[in-house]
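Here are a few notes to read with the model open beside you.

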Amino acid sequence: MATKKDHVFAIIGGGIAGLTLAVALHHRGLRIKIFEQAGQMQEIGAGVAFTPNALQAMRVCHPAIYEAYERVRTRNLWPCKQKVWFDFYDTRNEDGDAAAKPAFTISNDVGQNGVLRAHFLDELIKLVPREAAHVGKRLESYEEGGPDGRLRLRFADGSEDEADVILACDGIKSRVRQLLFGAHHPCALPSYTHRYAYRALVPMEEAVDAIGKEKAQNAAMHMGKGGHVLTFPVNHGQTVNVVAFHATSEEWPDSSKLTAQSTREAALRDFSNFGPGITKLLKLTSPKLDIWAIFDLGENPPPTFAMDRVCLVGDAAHATSPHHGAGAGFCIEDAAVLAHLLASEEISDHRGHRVALAVYDAVRRERGSWLVQSSRRIGDTYEWMAEGIEDDLAKAEEEIKYRNGVIADVDVEAMCHQAREEFSKRWRA
Ligand code: FAD
């Protein structure tokens, strides 16, 4: 029987969930192997922003994660907007006026924090030993029957490996989720939320010309009927991250692909009612523009996040539409809780792992599933389609504040301690 120090934790996927979990486990003395299907750990060149709970979770996982984020993050550029999450603009009133004032502002303790994903992941990968990261390894299947009761992992390139525990951080289309529940289970595949998004990175100077200094240099959310456009500065203020969401009643043509090629012209058509400022901004994007289909697990959430010695982490467990800007933050919360549980001194064998993962499910599933549903509601709110709110902006402000509070007003460290207490209770039972 393998001893505790020999236990191997296989992390499937090297995105934000996989790498923050890897750092948290490695720095607690656990033996990790990361298996990433891509030829190298890399991310798309888009921006991602973090809510206050995410920053707490980074520190709990390991302070070096927070320090890495601090090196690459960009806040709002204006000193008076350091606590502003987003200024919300009513596109009916903007009318190309760069000086148009926000309809309302949502703030929090840390304001807006944008990073380029690639920059953040480049920093995270430095925090795990080189030999722990295995690239070009697409997990196909796993089964029991390895030596010492280990799970045997099989990869698309024909190679095999073994692990005591599988931590599936393999994203929205998680292969492990399909293996856990079966390819025909409703949760095996995510569903289309009938929204897609154009994403672009625009040079700051040009964005200032298009929408004015205040909106380009600080996070801005432009609301309109059936769509919303958000911008925030990244890359230490040299670049503006632009994401333009459009609601549609049409189906996504090919659910095996989450992106499709589109054009700047199509974006200009979709947002033609958003005023001249947004038109000028969209004109700065490339003529060929990808659109991202917004899928989530809202219709068919997984019935559990953990089974035996396998668990789902991050988007694999609770893939959400991005309207709260909190999906990645919840990945890091998952990592914090799991690391606390798996590093428990009391675990000496596979029964300990099973109990730890069952507690992870108990602690994380309700909150993770809430985010997915709440994000749908908040997306509708930004686009004046939420029942009972429509285009009443006072009600919209109230709704956003309440829901953002549920996300931000949490004590991640206390959540981890509660999980450990629950583990001890179940372990001794
Ligand atoms: P992923 O990032 O998808 O990583 C999964 C990894 O697993 C990938 O590297 C993949 O190659 C690998 N993989 C997959 N299958 C296998 C396999 N079989 N074997 C081996 N490896 C495999 N969240 C925020 O908090 N803030 C934001 O501002 C924000 N903006 C967003 C904007 C958009 C348009 C979208 C779509 C999402 C946004 N999100 C945001 C959500 C956030 O991006 C996700 O929640 C987060 O990136 C998920 O991370 P993950 O590690 O779980 O999954």
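1. A salt bridge here is a side-chain nitrogen of Lys or Arg within 4 Å of a carboxyl oxygen of Asp or Glu. The model is a predicted one, where local features need pLDDT of at least 70 and side-chain atom pairs count only at pLDDT 80 or more, while totals for chains, interfaces and linings use all residues. Residues are numbered from 1 along each chain as its sequence is written, and side-chain values use heavy atoms, with hydrogens and water left out.

2. By that rule there are 32 salt bridges. One of them pairs glutamate 123 with arginine 71, at 2.8 Å from N to O. The partners sit 52 residues apart, glutamate 123 in helix H5 (residues 117–125) and arginine 71 in helix H3 (residues 63–72); helices (H or I, at least four residues) and strands (E, at least two) are DSSP runs, numbered from the N terminus. Glutamate 123 is buried at 12% relative accessible area, whereas arginine 71 is partly exposed at 45%. Buried means under 20% relative accessible area, exposed over 50%, and partly exposed in between (1.4 Å probe, protein chains only).

3. Arginine 195 is buried, with a relative accessible area of 4%, while aspartate 380 is partly exposed at 24%. Arginine 195 also forms a salt bridge with glutamate 383, with the closest N and O atoms 2.8 Å apart. Glutamate 383 lies in the loop between H13 and helix H14 (393–408), 188 residues from arginine 195, and both of these residues are buried.

4. Now the packing. A nonpolar core is a set of buried Ala, Val, Leu, Ile, Met, Phe, Trp, Tyr and Cys residues joined through side-chain atoms within 4.5 Å. The largest has 84 residues, and Leu25, Phe50, Leu153 and Leu167 have the most contacts inside it. Helix H12 (residues 327–342) gives the largest share, 10 residues. Another core, of 31 residues, lies apart from it and includes Ile172 and Val240.

5. What does leucine 167 touch, leaving out residues up to four places away in sequence? With contact meaning heavy atoms within 4.5 Å, its partners include Phe9, Leu25, Cys311, Leu338 and Leu357.
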